[in-house]
Amino acid sequence: MKKLFSEFSIKNIEIKNRICVPPMVVGLAKDGYVTAENLDRYKELAKGGPGLIIQEATCINKDGRLSEKQIGIWEDNQIEGLKNIVNAVHEEGCKIFIQIHHAGVTGISKSPLCPSPYEYKGFAGTVIGREMTKEDIESIQKDYIEAVRRSYEAGYDGVELHGCHGYLISQFLNKNVNKRTDEYGTNPERFVLEILEGIRKVTPEEFVVGIRLGGFEPSIEDGVSYAKILDKSGIDFLDISYGFFNEQEINVNKDYKYSNAVYAAEKIKQEVSIPVFAVNGINSAEIAEEILDETNVDIVDIGKGILINPNWANHAMDGKDTGKCLNCAKCMWFGQSEVCPGKVIFDKNNK
Ligand SMILES: Cc1cc2nc3c(=O)[nH]c(=O)nc-3n(C[C@H](O)[C@H](O)[C@H](O)COP(=O)(O)O)c2cc1C
Ligand code: SF4
């Protein structure tokens, strides 16, 4: 596990190993404010030994929430609770970024915004996004920028813009969703690049600003092209996942050894000069090490593996069983974590 446990730096943020806990909303905040449960969860995650935690999708305004229980960063009074998370994680020698999010048409808003009037079929039925005016665009961009200013003030080591999984930035980037004929449609990356430009005006140059980007938005060629544009525009890292789930055009050889998202990260790493994170289905320390070696990505995200076993990184370091996600059709961590079969088995075997 030579590479997995080697140090890595992004700008001047030193990360003790290559294991990152990716953002995972598990739903515990109250009215957008951090609760004692949120705090305990991050303490537990940091104690488990990863080099970096990316805090769950944290919303820039109430209208953009994906759930009632999501943590928010839309007002200054929220900074105190966020600071408590940062301090608790730092006490364990772990670094923490925060994922900055707006759901657009895929959120809980009754009248959700979207770059175009896109029809979205979600769990709660079908909604049609309200096409954003230029004023809407400007106002939401300001909310992103203000959210990042608050993140910096709360002491986070960096931010990750949520730019994938079908949320607002992903809705702009995906041409199957964004049908605008103005400059935000002809240059779909303009929405996020203007946010990045605004962020750089309110935070010091050394502050780390990255993005979670869809590798297939909708195709791998688009994913690679956006990654190159963002690299040239001064983004500090790329965390590569899936794009808009209903609108991807995935074309990956069936024989590829790892997940399609890892494939996209490998391809993108070949084309950019900045750190790239890979995610999805990395379910043992051996596979994590192999992916770092074979694909040349810099950091691996261990998501559900760490939900099952928050001590995943410590156990991997000691050569112990880290547990296994069973890839259930519906992950129980969206509401019923106590019946996660992977966790039940792991806890039973490790009493
Ligand atoms: C309960 C749960 C919540 C998640 N919340 C987020 C989130 O807030 N932001 C995000 O970008 N991805 C989110 N994800 C996706 C994970 O970050 C990760 O990309 C995904 O679980 C695949 O990695 P894995 O196979 O290691 O679990 C979530 C996943 C789960 C299971
Ligand atoms: S509920 Fe299933 S898919 Fe989700 S973490 Fe547990 S074992 Fe994995």
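**Notebook: cores, ligands and a helix**

I looked up Phe-191 to begin. Leaving out residues up to four places away in sequence, Phe-191 touches Ile-137, Ile-140, Gln-141, Tyr-144, Leu-168, Ile-169, Phe-172 and Tyr-184; contact means heavy atoms within 4.5 Å.

I noted the ground rules. This is a predicted model, where local features need pLDDT of at least 70, side-chain atom pairs count only at pLDDT 80 or more, and totals for chains, interfaces and linings use all residues. Residues are numbered from 1 along each chain as its sequence is written, chains are lettered from A and ligands numbered from 1 in the order written, and side-chain values use heavy atoms, with hydrogens and water left out.

**Cores**

I then checked the largest nonpolar core, which has 91 residues. A nonpolar core is a set of buried Ala, Val, Leu, Ile, Met, Phe, Trp, Tyr and Cys residues joined through side-chain atoms within 4.5 Å. Buried means under 20% relative accessible area, exposed over 50%, and partly exposed in between (1.4 Å probe, protein chains only). Phe-191 and Tyr-144 are among the residues with the most contacts inside this core. Helix α3 (residues 134–154) gives the most to the core, seven residues. Helices are DSSP runs of H or I, at least four residues, and strands are runs of E, at least two, numbered from the N terminus. I also found a second, separate core of 12 residues, including Ile-13 and Phe-277.

**Lys-142**

I stayed on α3 for Lys-142, which sits in that helix. Lys-142 is exposed, at 55% relative accessible area.

**Helix α8**

I asked how many residues of α8 (residues 260–269) are buried. Eight of the 10 are, so the helix is largely enclosed by the rest of the structure. Tyr-263 and Glu-266 are among the buried ones. Their cover includes α7 (220–232), β12 (238–241), β13 (276–278) and α9 (285–295).

**Ligands**

I turned to ligand 1, which has 18 residues around it, each with a heavy atom within 4 Å. Pro-23, Gln-99, Arg-212, Gly-281 and Lys-304 come nearest. I looked for polar contacts (N or O pairs within 3.5 Å). A side-chain N or O atom of Arg-212 is 2.8 Å from a ligand 1 oxygen. A polar side-chain atom of His-162 lies 3.1 Å from a ligand 1 oxygen. For a backbone N or O atom of Ala-57, the distance to a ligand 1 oxygen is 3.2 Å.

Last, I listed ligand 2. The residues around ligand 2 include Lys-304, Cys-325, Cys-328, Cys-331 and Cys-340.

Technical notes
Polar contact = N/O pair within 3.5 Å; in protein donor to acceptor, adjacent residues only side chain to side chain.
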